[in-house]
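This report goes through one protein chain, from its overall layout to single residues. Please look at the sequence and the structure before reading on.

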Amino acid sequence: PTWVMIEIPSVEDIQTLGYPEGTDIHWLARDRDQAAVGELLKEAVSSLHLPEGPGQVFLAGEAGLVADLQQALALRSPAALIEARGYWRHGEAGEHAEP
């Protein structure tokens with residue numbers, strides 16, 4: 001199974017995406033719950049029921065959030081191959097950031 005979780009500011013930001021069968025897309029709109037940036041994504045990832053054994057995870061987003069998610073997932077699923085890309089940092093402009 002493939003799970004895709006995308007945190008967005010508003011339900012108005014939901015888009016139609018093409019994806020392979022067996023992909024489960026979760027749009028996490030912060031305006032529904034008045035949530036802070038990253039809060040809904042952290043909750044969704046922590047509530048995932050991860051299968052036993054090896055798997056693959058790709059994380060992309062704000063560097064601090066990506067690092068937090070990477071650490072949490074590595075503890076819960078040590079056999080998973082986790083690729084993490086922090087593309088920006090809050091308060092900084094123009095820098096590619098690795099978590």
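The model is predicted: local features need pLDDT of at least 70, side-chain atom pairs count only at pLDDT 80 or more, and totals for chains, interfaces and linings use all residues. Residues are numbered from 1 along each chain as its sequence is written, and side-chain values use heavy atoms, with hydrogens and water left out.

## The chain

The chain has three helices and four strands; helices (H or I, at least four residues) and strands (E, at least two) are DSSP runs, numbered from the N terminus. Their order from the N terminus is β-β-α-α-β-α-β. The radius of gyration is 14 Å, close to the 13 Å that the globule rule gives for 99 residues, so the chain is as compact as a globular protein of that length. This radius is taken over C-alpha atoms, and the rule is 2.2 Å times the number of residues to the power 0.38. Along the principal axes, the C-alpha atoms fill a box of roughly 35 × 30 × 25 Å.

Of the 99 residues, 30% are buried. Buried means under 20% relative accessible area, exposed over 50%, and partly exposed in between (1.4 Å probe, protein chains only). Among contacts (heavy atoms within 4.5 Å) with a separation of 6 or more, 42% join residues 24 or more positions apart.

| α2 | Leu-40, Leu-41, Ala-44, Val-45 | 125 degrees |

The arc is that of the directions from the helix axis to the C-beta atoms. An α-helix has 3.6 residues a turn, so residues three or four places apart point the same way.

The buried residues of α2 pack against β1 (2–8), β2 (23–29), α1 (30–33) and α3.

## The core

Which residues have the most contacts inside the largest nonpolar core? They are Leu-28, Leu-41, Leu-59, Leu-69, Leu-73 and Ile-82, in a core of 16 residues. Two or more residues each come from α2 (39–47), α3 (63–76) and β4 (81–88). A nonpolar core is a set of buried Ala, Val, Leu, Ile, Met, Phe, Trp, Tyr and Cys residues joined through side-chain atoms within 4.5 Å. Leaving out residues up to four places away in sequence, Leu-59 touches Val-66, Leu-69, Gln-70, Leu-73, Ile-82, Glu-83, Ala-84 and Arg-85.

## Two loop residues

Leu-48 lies in the loop between α2 and β3. Leu-48 counts as buried because its relative accessibility is 18%. Beyond its neighbours within four places in sequence, Leu-48 contacts Trp-3, Met-5 and Arg-76. Trp-3 and Leu-48 are 45 residues apart in sequence and 9.2 Å apart in space, C-alpha to C-alpha.

Ser-77 is in the loop between α3 and β4. Is Ser-77 buried or exposed? At 10% relative accessibility, Ser-77 counts as buried. Setting aside neighbours within four places in sequence, Ser-77 contacts Leu-50 and Gly-53.
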